[in-house]
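Trainee: Could you walk me through this protein model, one contact at a time? I'd like to learn how to read the numbers.

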Amino acid sequence: MSKADVYWYRFLEATGRDREEKCAGDMTFEAHGFVGDELLSLVLTGKKTALFTSYATYAEDNEPLPATGELYVVLDRAETPRCIIETTGVTIVPFDEVTWKMAQLEGEDENLEAWRGKHKEYLEDEGAVVGFDFSPGIKLVFQTFRVVYSGIL
C-alpha cells in the first residue's frame, strides 16, 4: 500500500467517512517561479484555494475534468502526503476573462498583470509540448478547493 493510500484511509477514519469512499487521485503543486513545497505551504495556510490548468491538456489526454466534491491527496516534493483537498468548484474560463479576484485565489501573484505574464509563458511552454498554440481566448479550467484534512503521515 502506498503512502498516499495509508494517508487516505487515515483521513477516512479520522473524519468518520465511509471506507468505500473513493479518492480522485493524488496531486502535487507546481508553478513557474515556485517550487512545489512553496505552493503546498500556501495551500496549508489557506492562501492558495484555486488553480488553473489548460483545458487543452484534459482534451489531449482524454481525461475527465475535475468535479465538485472530488477529494485529492496532496503530496509534497518528497511524495509524502500532506493534506486532502476537496474541489469546491470548476469553471471553464477564457484566459483573457480571468479576473483579479479569480487570480488572487491562487495566492501567487501581486497583480493581474503578473498573473497573466506568468501564465501566458507557462501556457506557451505547455502548448509546445502538448500541441496547442496560446491565444488570449484559450480555455482554462479554474478549480477552487478547500483543505479538509491535514497532517504529516
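Trainee: How far apart are the closest N and O atoms in the salt bridge of E86 with R146?

Mentor: A salt bridge here is a side-chain nitrogen of Lys or Arg within 4 Å of a carboxyl oxygen of Asp or Glu. E86 and R146 make one, and their closest N and O atoms are apart by 2.7 Å.

Trainee: Which parts does that pair tie together, and how far apart are they in sequence?

Mentor: E86 is in strand β4 and R146 is in strand β5, so the pair ties together parts that are 60 residues apart in sequence. Strands (E, at least two residues) and helices (H or I, at least four) are DSSP runs, numbered from the N terminus. So the parts asked for are strands β4 and β5, at a sequence separation of 60 residues.

Trainee: Before we go on, what kind of model is this, and how are residues numbered?

Mentor: It's a predicted model: local features need pLDDT of at least 70, side-chain atom pairs count only at pLDDT 80 or more, and totals for chains, interfaces and linings use all residues. Residues are numbered from 1 along each chain as its sequence is written, and side-chain values use heavy atoms, with hydrogens and water left out.

Trainee: Is E86 buried or exposed?

Mentor: Buried means under 20% relative accessible area, exposed means over 50%, and partly exposed is in between (1.4 Å probe, protein chains only). E86 has a relative accessible area of 16%.

Trainee: Which residues are linked in a network of salt bridges?

Mentor: Start with K118 and E108, whose side chains meet in a salt bridge at 2.7 Å, N to O. K118 lies in helix α5 and E108 in the loop between α4 (100-104) and α5, so this pair ties together parts 10 residues apart in sequence. K118 is buried at 12% relative accessibility, and E108 is buried at 12% too. The network links K48, E106, E108, D109 and K118.

Trainee: How many salt bridges does the rule give in total?

Mentor: Another of them joins R17 and E21, with the closest N and O atoms 3.2 Å apart. R17 is partly exposed at 29%, and E21 is partly exposed at 27%. By the rule, the count is eight.

Trainee: Which residues make the nonpolar surface patch of about 210 Å²?

Mentor: Patches take residues with over 30% relative accessible area and no salt bridge, joining like charges within 9 Å and nonpolar side chains (Val, Leu, Ile, Met, Phe, Trp, Tyr) within 5 Å. I92, in strand β4 (residues 81-94), is partly exposed at 35%. The patch is made by Y55, L65 and I92.

Trainee: What gives the most to the lining of the largest pocket?

Mentor: On a 1 Å grid over the protein atoms alone, a pocket is an open set of points where a 1.4 Å probe fits, with protein on both sides within 12 Å along at least five of seven lines; lining residues have an atom within 4 Å of a point. The largest pocket holds about 840 Å³ of space and is lined by 33 residues, with T28, L51, F52, T53 and Y122 nearest its centre. Elements supplying at least two lining residues include β2 (50-54) and α3 (55-61). The most, five residues, comes from α5.

Notes. Grid points are joined across faces, edges and corners, and a volume is the space filled by probe spheres set on the points. Accessible areas come from the Shrake-Rupley method with a 1.4 Å probe; for residues, only the protein chains shown count as cover.
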